[in-house]
Amino acid sequence: MESESIYVIREAYSRYAKVAMLWSMGKDSTSLLWLVRKAFLGKVPIPVIHIDTSYKFPEIYTFRDRLAKEWDLDLRIARNEEALADGMGPKKIDKFACCNALKTVALKQAIAGMGFEALLLGIRRDEHGVRAKERYFSPRAQDFSWNVGAQPPELWDLYATVDEAAHDRIHPLLHMTELDIWRYVRREGIPVNPLYLAKDGKRFRSIGCAPCCAPIPSTATTVDEIIAELEVSREPERAGRAQDKENAFTMQKLRSLGYM
Amino acid sequence: MSPLVTGAGEKPLLRIAMVGHVDHGKSTLIGRIRHEMSALPGTAAVDASVAGNWAFVTDQLQEEREREMTIDTTQTFLDTPVCRLVFIDVPGHQELIQNMLSGATRADAAVLVLAGDEGVQVQTRRHALLLAMLGIRTVIVAVNKMDTLGRREDAFRALEQTAVDELRALGIETSGVIPVVARDGDNVVHRSEAMPWYDGPSVMEAIGELELAVAPVDALRFPVQGVLRHDGPATIVGRVLSGSVAEGDALTVCPGGAAVTVRAIRRFPEDHAPAQTGESVGLVLDGPEPSRGDVLAPAGDLPQVTRTPAGRVFWLAETPLALGEEVALRCATQVVPVRVEAIADRLDSATLDPLPPGEALAAMQLGTVAFAAERAVVVETFDRMAGLGRFVLERKGTAAGFGIVG
């Protein structure tokens with residue numbers, strides 16, 4: 001699994017002059033960052049973008065700044081300042097509009113400002129039914145739209161890069177499950193955001209913005225215990241994410257507008 | 001067959017594509033399997049809202065649910081005590097053949113789903129032809145909707161014979177033909193009591209018994225992905241397609257034929273052990289520096305190097321591939337402009353009937369195509385080395401067709 005991911009990462013790096021990655025400080029994108037280090041023998045030769053909604057947990061910012069220093073990252077922070085100044089937040093408006101403004105639009109501004117041709121993202125097929133339909137190399141139009149029903153063919157690992165795409169999304173972790181990620185974190189000793197570890201009988205299984213993520217009951221205080229917990233769990237991973245619950249097809253709509 | 005590469009501590013992977021004609025029950029079969037297997041620890045329960053409409057497990061798009069039809073390919077995972085199963089659902093509709101291929105090119109084996117009431121249809125045949133072309137020769141046939149045939153043995157035996165014969169004509173020996181009612185779960189995971197005349201395995205039991213042909217251990221093939229220069233000596237990166245590579249190995253750069261020696265194997269964290277098939281690794285070489293697209297191989301066992309590659313090509317794009325046209329041929333990490341020199345032995349993939357000689361290959365047609373390449377290309381026959389024996393033909397960066405080196 002690791003070699004497959006590294007192959008995809010190196011393919012992206014070889015093909016595009018301007019490539020960056022998105023890092024949310026969660027377990028998936030931190031594993032992706034680790035894989036980028038492995039792919040380039042200890043260095044992260046591409047900019048690392050944090051889409052900062054300003055509503056993230058304080059632990060996320062601490063974790064970000066620590067690793068950025070230890071791993072010598074070229075960290076870029078993207079915020080939709082205009083929307084934030086306007087008071088955008090999950091309480092002001094519905095969650096769909098908030099995610100779209102503070103994540104998708106912030107990302108659009110960052111890509112336009114920095115001129116990236118390709119972005120590496122840590123999404124996985126098993127985390128959501130719509131993400132299960134993703135490709136490793138996924139072109140996005142100028143307006144960021146993703147036409148899930150009319151994706152170009154992706155045959156074997158002979159990834160095509162469509163000429164007229166405005167930018168490409170690259171998904172090196174597509175084949176990994178939640179449990180694979182945790183086993184990989186354990187095997188490699190990848191740093192873990194403390195929000196994932198249980199405190200007072202609760203932990204976060206999926207992390208994002210503080211107002212829209214609920215912890216799950218858990219006693220897992222180590223990575224080993226998280227793995228043991230997931231090995232018998234039958235609850236879906238994103239059960240604590242408010243965004244997915246608002247409407248049956250929220251994720252599909254968000255993604256068709258360019259959400260991650 | 002692609003090598004099943006798994007890392008330390010990982011279970012073997014078995015990727016199964018569900019193929020067949022539109023509405024014959026591919027998604028329903030996967031959904032039903034997921035439902036019945038969701039008692040497995042570590043498997044998320046199937047959403048209660050899909051009960052009875054098992055296709056919704058993979059048909060998660062709004063338009064898929066409204067039209068009751070799979071539009072895009074989906075991969076869903078199931079961990080069993082012995083291996084990880086990856087079920088690849090694909091659309092059965094003719095216009096979505098590119099999505100079918102995006103799924104099927106990732107498969108090791110297939111379940112061909114055939115609805116009892118309709119029997120072999122256009123897409124049944126086309127999908128079977130594509131399986132044969134893609135080298136997927138491990139195929140289970142599920143004769144679905146047996147309820148429409150009164151779950152009768154004589155009706156099943158007739159369809160079984162047709163399926164076995166049609167697949168044999170394509171060079172595929174079936175790994176079982178199973179009477180199924182996917183919606184109700186007959187012979188899906190558990191054996192059906194309603195068809196006592198059938199004493200074979202259920203679909204899941206048959207999957208559990210599959211034995212995949214293991215790729216023959218072969219000489220080293222190392223397609224170069226790129227060259228890293230950010231610290232110390234230039235490091236050649238890539239994935240070992242076959243064989244293995246160790247420090248001190250004497251290799252040849254193809255095409256070109258330059259001799260190089262492996263001075264060091266590089267990984268992060270530092271580890272100099274030989275790299276095995278499937279591994280992504282870095283090499284420091286003594287000798288002339290290769291570039292992206294080159295293939296490293298041992299001097300005594302080199303791949304073919306040719307300016308005139310040829311293969312069986314299946315065309316996908318709406319605009320036909322025309323004699324004299326220039327397209328880009330992508331094979332391993334090579335991308336080479338090629339011109340179409342000859343098109344022969346055209347076949348209609350709907351009927352599998354030969355077509356009269358012609359100067360173009362239209363969508364859904366198969367033909368033997370000879371190319372003239374702008375520079376030398378490194379290839380192998382598909383049967384010897386799948387990774388260098390398959391290629392994609394691109395127009396403006398979009399895959400417009402694919403081919404197999406015969």
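Tutor: Domain bounds, as used here, come from an automatic or database domain assignment. On that basis chain A has two domains, with domain 1 covering 2-176 + 246-256 and domain 2 covering 193-244. Chain A has a mean pLDDT of 91, with 98% of its residues at 70 or more. Where pLDDT is low, predicted coordinates should not be read in detail.

The part to look at closely is helix α6 (residues 178-188) of chain A and its packing against α2(A) and against helix α7 (residues 223-232) of chain A. A pair of packed helices is described by the angle between the axes and the distance between them.

Take α2(A) first. The axes of α2(A) and α6(A) are 10 Å apart, and the helices pack at an angle of about 45°. Roughly parallel requires an angle under 35 degrees and roughly perpendicular one of 65 to 115, so α2(A) and α6(A) are oblique to each other. The crossing of α2(A) with α6(A) is left-handed. On the α2(A) side the contact is made by A:Lys27, A:Asp28, A:Ser31 and A:Trp34, and on the α6(A) side by A:Ile181, A:Tyr184, A:Val185 and A:Glu188. By class, these residues are 4 nonpolar, 1 polar and 3 charged.

Now α7(A). Its axis and that of α6(A) come within 10 Å, crossing at roughly 160°. Angles over 145 degrees count as roughly antiparallel, which means that α6(A) is roughly antiparallel to α7(A). The crossing of α6(A) and α7(A) is left-handed. From α6(A), the contact takes in A:Glu178, A:Leu179, A:Trp182, A:Arg183, A:Val185 and A:Arg186; from α7(A), it takes in A:Val223, A:Asp224, A:Ile226, A:Ile227, A:Leu230 and A:Glu231. The contact of α6(A) with α7(A) has 7 nonpolar and 5 charged residues, and no polar ones. A:Val185 takes part in the contact with α2(A) and in the contact with α7(A).

Next, the two domains of chain A. Their C-alpha centres lie 22 Å apart. Across the boundary, 18 residues of domain 1 are in contact with 14 residues of domain 2. On the domain 1 side, two or more residues each come from α3 (58-70), α5 (95-114) and α8 (250-256) of chain A. The largest share of that side, 3 residues, belongs to α3(A). The domain 1 side divides into 8 nonpolar, 4 polar and 6 charged residues.

Finally, the partner chain. Chain B is divided into domain 1 (13-208), domain 2 (222-298) and domain 3 (304-404). The C-alpha centres of domain 1 and domain 2 of chain B are separated by 41 Å. Between the chains, 49 residues of chain B are in contact with 48 residues of chain A. Elements giving two or more residues to the chain B side include α2 (62-67), α3 (97-104) and β7 (222-228) of chain B. The most, 4 residues, comes from β2(B). The chain B side is made up of 15 nonpolar, 22 polar and 12 charged residues.

Note on methods: Residues are numbered from 1 along each chain as its sequence is written. Chains are lettered from A and ligands numbered from 1 in the order in which they are written. This is a predicted model: local features need pLDDT of at least 70, side-chain atom pairs count only at pLDDT 80 or more; totals for chains, interfaces and linings use all residues. Two residues are in contact if their C-beta atoms, placed from the backbone, lie within 7 Å. Ala, Val, Leu, Ile, Met, Phe, Trp, Tyr, Cys and Pro count as nonpolar, Asp, Glu, Lys and Arg as charged, and the others, Gly among them, as polar. pLDDT is the predictor's confidence in each residue, from 0 to 100. Axes are lines fitted to C-alpha atoms, for helices over the stretch in contact, and angles run from 0 to 180 degrees between N-to-C directions. A crossing is left-handed if the near helix is turned anticlockwise from the far one by less than a right angle, and right-handed if clockwise.
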